[in-house]
Amino acid sequence: MTAKDCIKERRSIRKFKAEPVDHALLSEIIETASYAPSWKHTQITRYIAVEGELKDKIAAECTLAYPRNGEIIAQAPLLIAVTIIKGRSGFERDGSYSTPRGDSWQMFDAGIASQSFCLAAWDKGLGSVIMGIFDEVKAASLLNVPEERDVVALIPIGYPDEAPAAPRRKPVEELLSFQS
C-alpha cells in the first residue's frame with residue numbers, strides 16, 4: 001500500500017469485530033507511529049492501551065457529554081488513550097513560549113502522532129476513530145496518568161466491521177491558493 005493509498009482509503013471506523021488486537025501488532029504500529037514529526041523532536045506523545053473492564057469503565061463514565069462515543073468504545077476490542085508530556089512542545093528550555101501560539105503546538109504534535117498511528121493501524125488492517133469529546137480529567141484519573149501528562153484523545157481500534165464510503169471532499173480550488 002502506498003502512502004497515498006493509505007491516506008485516501010483510511011476511514012473513521014465506529015463498528016469493530018470482537019477479535020482482539022494482538023499486542024505484538026500494536027507494538028509494531030506504535031513503532032511506526034513514533035516516526036511522526038514533533039516540535040524540535042520532543043516526541044511528547046505517549047500511548048496507553050486499555051482493554052477489558054477498564055476500557056468499559058472509561059466508555060461508561062467518561063463519555064457522558066457524547067454517549068455515542070461510549071457505545072463505540074464499549075464494542076471496540078481495544079482503546080488507545082493518547083497522552084502528551086506537558087510543557088515541552090512549543091516551549092524553550094526556560095519554560096517560555098517559543099512562538100505566539102503558546103502551548104498549542106502540543107495539540108499539533110498530538111494530532112500528527114494520532115494520524116500517524118491511525119494510518120499505521122490501517123496499513124495493518126485495523127480501523128480506528130479519533131475522539132475528542134470525553135471527560136479528560138476522569139479518564140486521566142482512571143488511567144493513573146502522571147501529573148506531567150494530559151490525555152488529549154481516545155482512539156478505539158480493532159478490525160473493522162463496516163466499510164464506510166468516503167465523504168465528499170472539497171475541491172482543490174477551494175483548498176489551495178497561490179501568492180506571488
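Which helix does K55 lie in?

**View 1. K55 in helix α3.** K55 lies in helix α3, residues 52–61, of this predicted model. K55 is buried, because its relative accessibility is 4% and the limit for buried is under 20%. Leaving out residues up to four places away in sequence, K55 touches V50, I73, A74, Q75, A76, P77, L78 and L79.

**View 2. N69 in helix α4.** Helix α4 spans residues 67–75 and holds N69. N69 has a relative accessible area of 8%, so this residue is buried. Not counting residues up to four places away in sequence, its contacts are T63, M131 and I133.

**View 3. The largest nonpolar core.** This core has 25 residues. I58, L143, V151 and L154 have the most contacts inside it. At least two core residues come from each of β1 (45–50), α3, α4, β2 (78–85), α5 (105–123), α6 (136–142) and β4. Helix α6 supplies the largest share, three residues. In soluble globular proteins, nonpolar side chains tend to be buried together.

**View 4. Around V151.** V151 is in contact with A81, V82, T83, F134, E136, A140 and V145, leaving aside neighbours within four places in sequence.

**View 5. A second core.** A separate core has 22 residues. Among them are L25, I29, L78 and I84.

**View 6. A166 in a loop.** A166 is found between β4 (149–158) and α7 (172–175), in the loop. A166 counts as partly exposed because its relative accessibility is 45%, between the 20% and 50% cut-offs. A166 and S116 are 50 residues apart along the chain, and their C-alpha atoms are separated by 19 Å.

Methods. Residues numbered from 1 in each chain as written. Predicted model: local features only at pLDDT ≥ 70, side-chain atom pairs only at ≥ 80, totals over all residues. Heavy atoms only, no water. Helix = DSSP H or I, 4+ residues; strand = E, 2+ residues; numbered from the N terminus. Buried < 20%, exposed > 50% of the residue type's maximum accessible area, 1.4 Å probe, protein only. Contact = heavy atoms within 4.5 Å. Core = buried A, V, L, I, M, F, W, Y, C linked by side-chain atoms within 4.5 Å.
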